[in-house]
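Keep the 3D view open while you read.

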Amino acid sequence: MNISFDLDSTLIPNGKEFETENRNRIAKLFGIEEMRKDTRELISDLQNQGHKIHIYTTSFRTKRKIRLTLKYYGIKVSRIVNEKENRKVLKSRNINSSKFPPAFDFDLHIDDLKGVGIESERFNFKAIIVEPTDKNWIEKIKSGIKNIG
């Protein structure tokens with residue numbers, strides 16, 4: 001399955017809403033962002049089960065910057081879609097939604113925004129909404145994938 005993850009408040013904190021991995025001073029100097037604790041293990045588990053992992057964000061970060069942050073934490077993803085690409089593709093397809101994972105061949109999208117959950121029902125795509133403060137976020141994702149699979 002092609003699974004996409006949002007960044008802000010899902011994998012990268014917007015404050016102190018969840019525990020993060022340790023980051024050294026050099027990483028901070030290079031602009032490496034904080035990452036939600038156990039993200040690498042979750043993504044690695046999903047990849048070992050045969051899933052392809054992608055990043056799908058409405059952030060204007062460059063793909064290079066996102067890839068650099070992921071690489072620091074030992075995370076490799078198949079594809080990164082940022083807001084620049086998202087807007088271009090959705091506009092060309094005349095889709096009026098903040099996100100539309102099927103446009104990028106993503107079977108499932110994981111996000112923190114309830115609005116994305118509403119859009120998933122309206123535009124008929126699969127999404128798992130994870131609260132930033134949910135301590136059982138990994139279990140929620142894994143059981144959601146089993147139910148979809």
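In helix 4, the buried residues are Glu83, Glu85, Asn86 and Leu90. Viewed down the axis of helix 4, they fall within an arc of 160°, so they line one face of the helix. Some terms: buried means under 20% relative accessible area, exposed means over 50%, and partly exposed is in between, with a 1.4 Å probe and protein chains only. Helices (H or I, at least four residues) and strands (E, at least two) are DSSP runs, numbered from the N terminus. The arc is taken from the directions from the helix axis to the C-beta atoms.

This is a predicted model, where local features need pLDDT of at least 70 and side-chain atom pairs count only at pLDDT 80 or more, while totals for chains, interfaces and linings use all residues. Residues are numbered from 1 along each chain as its sequence is written, and side-chain values use heavy atoms, with hydrogens and water left out.

Back to helix 4: on its other side, Lys84, Arg87, Lys88, Lys91 and Ser92 are exposed. The cover over its buried residues includes strand 2, helix 3 (63-72) and strand 3 (79-81), where contact means heavy atoms within 4.5 Å. After helix 4 comes Asn94, with a positive phi near 60°.

Now for helix 5 (residues 114-122), where Val116, Gly117, Glu119 and Ser120 are buried. Down the axis of helix 5, its buried residues fall within an arc of 160°, so they line one face of the helix. The face turned away from that buried side carries the exposed residues Lys114, Glu121 and Arg122. Strand 4 (108-111) and strand 5 (126-129) are included in what covers the buried residues of helix 5. Asn124 follows helix 5, and its phi is positive, near 55°.

Ile3 sits in strand 1 (residues 2-5) and is buried, at a relative accessible area of 0%. Not counting residues up to four places away in sequence, Ile3 touches His51, Lys52, Ile53, His54, Leu108, Ile110 and Ile145.

Lys52, one of those contacts, belongs to strand 2 (residues 52-56). Lys52 counts as partly exposed, at 48% relative accessibility. With neighbours within four places in sequence left aside, Lys52 is in contact with Met1, Asn2, Ile3 and Ser78.

Glu131 is in the loop between strand 5 and helix 6 (137-148). Glu131 is partly exposed too, with a relative accessible area of 34%. Leaving out residues up to four places away in sequence, Glu131 touches Arg36 and Lys114.

Here are some C-alpha distances for these residues:

| Pair | Apart in sequence | C-alpha to C-alpha |
|---|---|---|
| Ile3 and Gln47 | 44 residues | 9.8 Å |
| Lys52 and Ile3 | 49 residues | 6.1 Å |
| Glu131 and Asp112 | 19 residues | 5.4 Å |

**Rings**

How many aromatic pairs does a search of the whole structure find? There are six aromatic pairs. Rings of Phe, Tyr and Trp (its six-membered ring) pair if their centres lie within 6.5 Å; planes under 30 degrees apart count as stacked, over 60 as edge-to-face and the rest as tilted. Phe100 and Phe125 make an edge-to-face pair, at 6.0 Å centre to centre with 85° between the planes. Phe100 lies in the loop between helix 4 (83-92) and strand 4, and Phe125 in the loop between helix 5 and strand 5, so the pair ties together parts that are 25 residues apart in sequence. Both Phe100 and Phe125 are buried. Elsewhere, ring pairs link Tyr56, Phe104 and Phe106 into a cluster.

The largest pocket has a volume of about 250 Å³. Of the 13 residues that line the largest pocket, Phe18, Glu19, Asp134, Lys135 and Trp137 are the closest to its centre. A pocket is an open set of points on a 1 Å grid over the protein atoms alone, with protein on both sides within 12 Å along at least five of seven lines; a cavity is a set where a 1.4 Å probe fits but cannot get out, and lining residues have an atom within 4 Å of a point. Grid points are joined across faces, edges and corners, and a volume is the space filled by probe spheres set on the points.

There is one cavity of 30 Å³ or more. The largest cavity holds about 30 Å³ of space, and its lining consists of Leu7, Ile12, Glu33, Met35, Arg61, Lys65, Ile66, Thr69 and Leu70.
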